[in-house]
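Here is a walk through a few helices, sheets and chain contacts. Have the structure open and follow along.

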Amino acid sequence: MNKNIFEKKFTTLSSNDLKQISVKDEDWKYIGKKIFELNDIEVAKNKDIEPSNDFDINSNGFQYQLNTMNKAVDVVDIKDISNPLIVDSLMRPYDKFNLEQFEKVTGGFKVSFNDDTEEYFTINYETQSNSIPYVGVNVERNKSGKLFLNFDELVTGSTYPIIEILLNENANLEVIMSVTTTTEINVVNSLYAKLHKDASLLVHNISTGATFSRSRMDIDLAGDGSEFGLDGIYFGENKQIHDNRVFVNHLGKNTSSNMITKGVLGHESSSVFTGTIHIAEGAEKTESHQENRNILLSENATAQSVPNLEILCDDVICSHGSSVGPIEESVYHYVMARGVEKVDADKLLIKGFFNEVINDSKWEIIHDKVSNIIEKKYMNLIESN
Amino acid sequence: MEKIKTIKSVDIAENSSALFETNDQQIALFNCEGQIYAIDDMCSHAEASLSEGEVYDCKVECPLHGAEFDLKTGEAVTLPATKSVKTYKTEINDGYIYVEMDTNA
Amino acid sequence: MANVDIDLGKYSLGWSDPEKNVFKPEKGLNEEIIRKMSEIKDEPEWMLDFRLKAYKRFLDKPMPEWVAKEKLDSLDFDDIYYYIKPTEDQADSWDMVPDEIKETYEKLGIPEAERSYLAGVTAQYESEVVYHRNREDLEKLGVIFCDMDTAVREYPELVQEYFGTVIPPGDNKFAALNSAVWSGGSFIYVPKGVHIEDPLQAYFRINAENMGQFERTLIIVDEGASVHYIEGCSAPVYTTDALHSAVVEIIVKPSGTCRYTTIQNWSNDVFNLVTKRAQAFANATMEWIDANIGSSLTVKYPSVYLMEPGAHGEVLSVAFANAGQHQDTGAKMVHLAPDTTSLITSKSISKGGGRGAYRGLVRVEDGSETAKSFVRCDALILDDESRSDTYPYMEIEESTAVIGHEATVSKVGEDQLFYLMSRGLTESEATSMIVAGFVEEFTKTLPMEYAMEFNKLIELNMIEAGAVG
């Protein structure tokens, strides 16, 4: 496949020049033995995909099938792209894994929102073996787009997507990134977004599937007035690892970021939430709030929550909060004193815990699906106990 | 539990150490006052190899943060280590050191 | 603690005495110097061995790469004096203390304190304890409070049992250095059930150009006992860097309580790289109260290892980072047993281009059932040249533990300023007041005279680098 656009990025360096990533690296801490699968990914061969009317695009990471015609959206194959979507992505921090992704990219396309869309433009992934798909998303000035990246049951092989998002002036994009495949594979997303003046990006993150589900987001709020929002849920069972790393750079003035992620961990699963909110010099009137809440339901579940702040400007309002622990005792007593059995009390409380995120109107199109998954995963935990 | 044959006892000088590896275990062997001691190689505090540490007074000092472990009991004598390391019985047969351990670990 | 008259001139505490020292070796460090030092101190064999072993560790270990790399790269270990003995012998009462040294302490206000009824004072000058006097009643209670050198000679078993067990020489490069060349510092032993009402105190100074300070403190609080120890220090101004690398080890036995307060005000060319660690046993409480106002670079994370059920650890930390300063401070709490609790409160203020950072770790090991830990870090950035960072590490392996963390960063609210100024305060007075309110939680733990001095220092800090107005 034609790697024109990526050759320009890394002309002098190859992933073999860099040292292996290890769990001692700040960006890869806490994931244990999983690290060994990421240092030298053997990309598999192409397999055909079938179009599906439920989605606008079907992709197996090598090729895609455009199922619908949408006036507002243009899709261009990666073979026909000659320049990277975002010039600055050449300067984002990279390590061997990231470089590997770009070197070994298997296929992909660019999605351009040239007009407003009310409906989500949906991309469904299916792969049977290692793939590294690329999606470049561009939203034109003053336009609003919605994008649904679905990694569901058809993803039966590991996949390592690269997602680049460029939002022009006053552009809006809402993204649902949903990893719900129950196959025991890795889904490791690298997402980079650059926002120009007054642009806004809102990401809804669902991570309930795969054995190793990770997303790293680097968001550059370059333009004045740009905004980034993230809300997400994750639910771990068995030996799953749900890993979210978010790096937000507040560069312009009057920018804001709001993040709330909530997770429940059972069995021997674990979660990681780290990243950095970086507020550059001169990024006046920045406002940033971040929250990460974790409930541990079993003895061997763990959660690491380490949100860092680097603030180089004084005219800011910044807060973050995180918590890890079992369901609060006091809340239990309240519910059980009203005649509810412990098992049901747990279920009720967990639903309530997630509702703050999923009951938001913006989650409407996936609300039921997510709600059902949560219910099912909770029942799995009960049964095995 | 089996008695696994490791290295020759003469290969470990007084107050020094050696590393013995199986498929999934790493054992550190020490010679202190003529006696051979065997403990887990991995420090209980951080990822460091105890067989690379210094030995004196029948204690080994982890090379990474200086925590000391008693070779006889495996106990952590100083912080920052707080948990003891596992110890293994040893015996010398025919000049070789045998370590009693589980091979199904 | 006496009333210190701080005239509000620049660096009021920054003066230096013409040097009057008995034995002054060259700069730099080698085995020879360590042996000589140990000999002069008349130390037992085991301490010399300890020092030499530590010196090897110091040479082997690399410099840390993860903090203040630029500043640390400028540190030249060969450009420092490692030991100076200022007087022939330790004095037993004020009369015996040499004049120049007495004057230094007079400026710091100690004679006044001597007049009023006070706890015993151990004062350090040029890395050797010059004056020391135990209060009679402390002696009657069986409390040992002396300098570390004396303790090694007079209480060898007690010292040897604990020395280096909380912070072994191999712990980090600077603990290794201290372990090799330590001199001075306090030794405190509080017997079972003894409660010491008034705080015990000490002062430190760096005087000779390029003199490093390596005091070593060991505090043992026996079962059910309690003590509050305060250290506050100042140093003269020099253009070349001075190094302060102390080690403080504390053991609090079951049901014991220990509070260790530090007000650090080294002048702005000192590198302050300190390792402070405590072990708290069943139902014991350990509190670190830590204010970092001076120094060019401070790297310090007071920690508490909560060894047994019911242990409680607290760190209340305040840091001011002014122009050219980098305060990288925080706390470490390690939960190793069920029902342990920890509380970390960090207040950091950056101005004039200073850089304040909170770096902390809460580690809860598997098996520490129902452990609870809460961290709160607040930062105030006073202008757009300054910087504030927060790196709160959490390693939680126990599912029943309850862990929380909250952090905020902001600047002084305009409405607050406006309100105060409309009542007649100047902008710098108003800012000063707001900052004092921001750190009030800390200030109210101090004995009154310290609190007054501390508030004065805040004012000084606000006015000095042309804070505002």
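Predicted model: local features only at pLDDT ≥ 70, side-chain atom pairs only at ≥ 80, totals over all residues.

Helix α5 of chain A covers residues 364-384, 21 residues in total. From first C-alpha to last it reaches 31 Å, close to the 30 Å expected at 1.5 Å a residue. Which residues of α5(A) are buried? They are Val370(A), Ile374(A), Lys377(A), Tyr378(A) and Leu381(A). Look down the axis of α5(A) and these buried residues fall within an arc of 100°, so they line one face of the helix. There's a simple rule behind such patterns: an α-helix has 3.6 residues a turn, so residues three or four places apart point the same way. As for what they pack against, the partners of the buried residues of α5(A) are β11 (200-207), β13 (227-236) and α4 (342-358), again in chain A.

Helix α2 of chain A, residues 96-103, is another story to look at. Why is α2(A) described as largely enclosed by the rest of the structure? Because six of its eight residues are buried, where buried means 20 or more other C-beta atoms within 10 Å of a residue's own. The buried ones are Lys96(A), Phe97(A), Asn98(A), Glu100(A), Gln101(A) and Phe102(A).

Now over to chain B and its sheets. One is an open sheet of three strands in the order β1-β10-β9, with antiparallel pairing. Its edge strands are β1 (2-8) and β9 (90-93), each pairing on one side only. From one strand to the next, the twist averages 35°. Another open sheet of chain B, also three strands and antiparallel, runs β5-β6-β7. Here the edges are β5 (54-56) and β7 (68-70), and each of them pairs on one side only. Neighbouring strands in this sheet are turned by 25° against each other on average, direction ignored.

| Strands | Bridges, sense | Residue pair |
|---|---|---|
| β1(B) and β10(B) (96-101) | five, antiparallel | Lys5(B) and Tyr98(B) |
| β6(B) (59-61) and β7(B) | three, antiparallel | Glu61(B) and Glu68(B) |
| β18(A) and β20(C) (387-396) | four, antiparallel | Ala303(A) and Ile396(C) |

The cross-chain row leads on to the contact between chains A and C. There, 29 residues of chain A are in contact with 29 residues of chain C. On the chain A side, the elements that give two or more residues are β18 (302-311) and β19 (316-325). Which element gives the largest share of that side? β19(A) does, with ten residues. By class, the chain A side divides into 13 nonpolar, eleven polar and five charged residues. Back at the strand level, β18(A) is joined to β20(C) by four bridges, and Ala303(A) stands opposite Ile396(C).

Chain B touches chain C as well: that contact takes ten residues from chain B and 13 residues from chain C. The chain B side has four nonpolar, four polar and two charged residues.

Notes: Residues numbered from 1 in each chain as written. Chains lettered and ligands numbered in written order. Buried ≥ 20, exposed ≤ 12 C-beta atoms within 10 Å, placed from the backbone. Contact = placed C-beta atoms within 7 Å. Nonpolar A, V, L, I, M, F, W, Y, C, P; charged D, E, K, R; others polar. Pairing = 2+ DSSP bridges. Axes fitted to C-alpha atoms, helices over the stretch in contact; angles between N-to-C directions. Expected span 1.5 Å × (residues − 1). Arc of directions from axis to C-beta.
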